[in-house]
Amino acid sequence: MNDNSPSSVFSLHDADPQPGLILDGAGAVLGENRAARELRQTAGLASPEELLPINARALVKSSLEQIRAIENVESRTQPGQTETILMWTFIPDVKTAQVLARARDATQDVRTQEEATRSNRLYRLITENTTDLISRHAPDGRFIDATPASWRLLGYWPEELRGKPLEEVFRGNHVAQKLAETRNLLRDDGYATMTLEIIHRDGSRRWFEIASRAIRETYTGAVIEVISVSRDITARVESEENNRRLAEELAHTARLATLGELASSIAHEMNQPLATIVNFASASQRYLKSARTNPECLDRVDDGLQKIVHHANRASEVIKRLRAFLRKGQKRTAPIALNDVVSNVARLCQWEAEKNNVQILERLACCAPVITADPVLLEQVLINLIRNGIEATIDARGDETQDAPAQIVVTTCINDQNETLIEVTDEGPGLDEQGIRQMFQPFYTSKPQGLGLGLSMSRSIIEGFGGFLDARPAATGGLSLICRFPASQNQKHKTAITENQPDD
């Protein structure tokens, strides 16, 4: 519908790519161009009036009365269709009381602006309410900007941080070194994380976990800015420290309980060297009395004194091992000779084993495997496994008396996967699959007086060394408990097994 009447000063051209309408003083459509018709058809609109803003009549009236053009009035096609956003301009002609309404398609511009507004609103919502500190930095570490969380986490408002170097804000031990390492990582990899203990502005100590990413210049690749997210992990670090201390207390309590149960073994092992020392000392006194008349007795005295020194040193080693076993402190890992640890533990448990007619056999790898672990904690685990084996063997025998002793076999070896193994095998009643799954659960026990913590703690200790503790049915009908250490722990590569009978 084109209006070509001489009474109209406006003309609509079908070649115009923008929709155009001619309106009378009441806002009724007198004519439309082809662009307006095509837009109506695409939007599924029945009349050209539906293209106009809902207040088109008021706009027409105001334009004619004020004799001025009204620009940038928005209208949108009906919901449910592919929405088109139009910006209308109303141009009046007072003589004919008509208005030219011309539109431009502003869909992309409006949507871009709306998206920017939403993004800005979301950004402000995140930055103003996040508990983490989001900050921008120059390549040398100086603050460019920061979110309001800086006040809670650091004691500085964002305005105070601008221009400050990181070293001035993040004060603490080794901070400068870690910041230098992080800058190198950002330069080389573009991303870095670090954990810092810093001193808050109020003097309190805080732990932070900081993730940073470098922003690079497009052509040269140089770092021009760094974005960092800092999280306060003080509560987590303190919780982990408390858990570590609790674990140490539990381990120390377990060692004390084990000492009480091993009292007879300790007494036996100490009694042997002490009794021998007394015997040799008495004999030496007798020889000294005869030395004036028989000088050869001095040789006997010298031999006796040497034996006294030997057995005194043996007693000293026993006390040293027991003190180390009972000592409470931080875990100290070091390379240890596995066969020596097994032999020490076998001696500690030997008296209890003999008392119950159980023999401890050591089958030690000739390659003398070496692993990295805490020797005191590893001894604690092995003592627990051997004593469990002794108790299981006693349970399997019941009240039956047998001349031949039962056996607990302790084996060390390196398997085909280059893993180092310690295996403790008993002749007890064994367990089914469900029992094996449950035996390592905390507080699970089949003993009337047991706490059910021994095997659970033993597994945790072995896992702390990077290994694993598991169990499987043994060929003897009993159970094999296996400490498995990965290949990285192993410093030997050949396996040979020898069987050693325990010392009396």
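Strand β15 runs antiparallel to strand β17 (residues 479-485), and 6 bridges join the two. The model here is a predicted one: local features need pLDDT of at least 70, side-chain atom pairs count only at pLDDT 80 or more, and totals for chains, interfaces and linings use all residues. Residues are numbered from 1 along each chain as its sequence is written, and side-chain values use heavy atoms, with hydrogens and water left out. Helices (H or I, at least four residues) and strands (E, at least two) are DSSP runs, numbered from the N terminus. Two strands count as paired if DSSP finds at least two bridges between them.

As background, strands of a sheet pair through backbone hydrogen bonds, either parallel or antiparallel.

How much of β15 is buried? Because 6 of the 6 residues of β15 are buried, the strand is largely enclosed by the rest of the structure. Buried here means under 20% relative accessible area, exposed means over 50%, and partly exposed lies in between (1.4 Å probe, protein chains only). T420, I422 and V424 point one way from β15, while L421, E423 and T425 point the other way, and all are buried.

E423 is worth a separate look. This residue sits in β15 (residues 420-425), and E423 counts as buried because its relative accessibility is 15%. The side chain of E423 makes a polar contact with the side chain of R472 at 3.3 Å, and another with the side chain of S480 at 3.2 Å. A polar contact is a pair of N or O atoms within 3.5 Å; within protein, one must be able to donate a hydrogen and the other to accept it, and residues adjacent in sequence count only if both atoms are side-chain atoms. Leaving aside neighbours within four places in sequence, E423 is in contact (heavy atoms within 4.5 Å) with V409, V410, T411, R472, S480, L481 and I482.

Over to another part of the chain. An open sheet of 5 strands has the order β2-β1-β5-β4-β3, with antiparallel pairing. Its edge strands are β2 (29-32) and β3, each of which pairs on one side only. Direction ignored, neighbouring strands of this sheet are turned by 25° against each other on average. β4 and β5 pair in the antiparallel sense over 8 bridges, and D93 stands opposite Q98 in β5.

Two helices lie across strands of this group. Helix α1 (residues 34-43) lies across β1, β2 and β4, running at about 95° to β2. Helix α2 lies across β1, β3, β4 and β5, at about 35° to β4. Axes are lines fitted to C-alpha atoms, for helices over the stretch in contact, and angles run from 0 to 180 degrees between N-to-C directions.

Which residues of helix α2 (residues 56-66) are buried? They are A56, L59, V60, S63 and L64. These residues are on the same side of α2 because they cover an arc of only 125° around the axis, the arc being that of the directions from the helix axis to the C-beta atoms. In general, an α-helix has 3.6 residues a turn, so residues three or four places apart point the same way. What covers the buried residues of α2 includes β1 (20-23), β3 (70-76), β4 (85-93) and β5 (98-105). The face turned away from the buried side carries the exposed residues R57 and E65. Just after α2, I67 takes a positive phi of about 50°.

As for cysteines, C297 is buried, with a relative accessible area of 8%, and C349 counts as buried at 0% relative accessibility. Taking a disulfide as a pair of cysteine sulfur atoms within 2.5 Å, the count comes to 0 disulfides.

For the chain overall, the secondary structure comes to 14 helices and 18 strands. Buried residues make up 41% of the 504 residues.
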